[in-house]
Amino acid sequence: MGKSRKNTIVLGIVILVFLGGLIYQHFQTKKLVENLEQTSGVVTDFSFSNNTYYLDYVFTVNGIQFKGTVSCHYFICDDGTEGCVGKNVTVFYSPDDPTNNEIDLGKYNKFKYTHFSTL
């Protein structure tokens, strides 16, 4: 098998894996939006790693604490707190799988890299 054919096969596999990831994410998002519950949570950390800011948060469902993370741009809350650490937020989650969740930062949602347009 020639080098060109091997490269084509590798590229095809990479494309299939990428498309599979997109399809999985689509169905996770669809499942969350169709089965939406909400609770309150708290922002626990705002960090920078690999040229990206991350916002960590915790929330509780049926007495079990869950953690979530979202990538975002740098931002400061009105009171000067970086990333609104320590602030209460709304968290939307799937009751079937609370690890499938999304934080709602209210007026700061525009700083998230990804968010649901329906929330």
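Predicted model: local features only at pLDDT ≥ 70, side-chain atom pairs only at ≥ 80, totals over all residues.
Asp-78 is exposed, because its relative accessibility is 62%, and the cut-off for exposed is over 50%.

Asp-78 forms a salt bridge with Lys-107, and the closest N and O atoms are 2.3 Å apart. Asp-78 sits in the loop between strand 3 and strand 4, whereas Lys-107 belongs to the segment after strand 5, so this pair ties together parts that are 29 residues apart in sequence. Is Lys-107 buried or exposed? With a relative accessible area of 53%, Lys-107 is exposed.

How many salt bridges does the structure hold? There are 3. Another of them joins the side chains of Lys-87 and Asp-79, at 2.4 Å from N to O. Lys-87 counts as partly exposed, given its 30% relative accessibility.

I turn now to Lys-112 and Glu-102. Their side chains meet in a salt bridge, with 2.8 Å between N and O. Lys-112 lies in the segment after strand 5 and Glu-102 lies in strand 5, so the pair ties together parts that are 10 residues apart in sequence. The side chains of these two residues are also joined by a polar contact of 2.8 Å. Lys-112 counts as buried because its relative accessibility is 4%, and the limit for buried is under 20%. Glu-102, at a relative accessible area of 10%, is buried as well.

What does Lys-112 touch, if residues up to four places away in sequence are not counted? The list is Val-70, Ser-71, Cys-72, Glu-102, Ile-103 and Leu-105.

Leu-105 takes us to the nonpolar core. Leaving aside neighbours within four places in sequence, Leu-105 is in contact with Leu-55, Phe-75, Val-89 and Lys-112. The largest nonpolar core has 18 residues, and those touching the most other members are Leu-55, Phe-59, Phe-75, Val-89, Ile-103, Leu-105 and Tyr-108. Which strands each supply at least two residues of this core? They are strand 1, residues 37-49; strand 2, residues 52-61; strand 3, residues 64-72; and strand 4, residues 88-94. Strand 2 gives the most, with 4 residues. In soluble globular proteins, nonpolar side chains tend to be buried together.

Val-17 is found in helix 1, which covers residues 3-34. At 59% relative accessibility, Val-17 counts as exposed.

Let me close with the chain as a whole. Its secondary structure comes to 1 helix and 5 strands, and the pattern read along the sequence is α-β-β-β-β-β. Of its 119 residues, 29% count as buried. Among contacts between residues at least 6 apart in sequence, 53% join residues at least 24 apart. The chain exposes about 7,900 Å², of which carbon and sulfur atoms supply 54%.

Conventions. Residues numbered from 1 in each chain as written. Heavy atoms only, no water. Core = buried A, V, L, I, M, F, W, Y, C linked by side-chain atoms within 4.5 Å. Buried < 20%, exposed > 50% of the residue type's maximum accessible area, 1.4 Å probe, protein only. Contact = heavy atoms within 4.5 Å. Salt bridge = Lys/Arg side-chain N within 4 Å of Asp/Glu carboxyl O. Areas by Shrake-Rupley, 256 points an atom, 1.4 Å probe, with all protein chains shown as cover. Polar contact = N/O pair within 3.5 Å; in protein donor to acceptor, adjacent residues only side chain to side chain.
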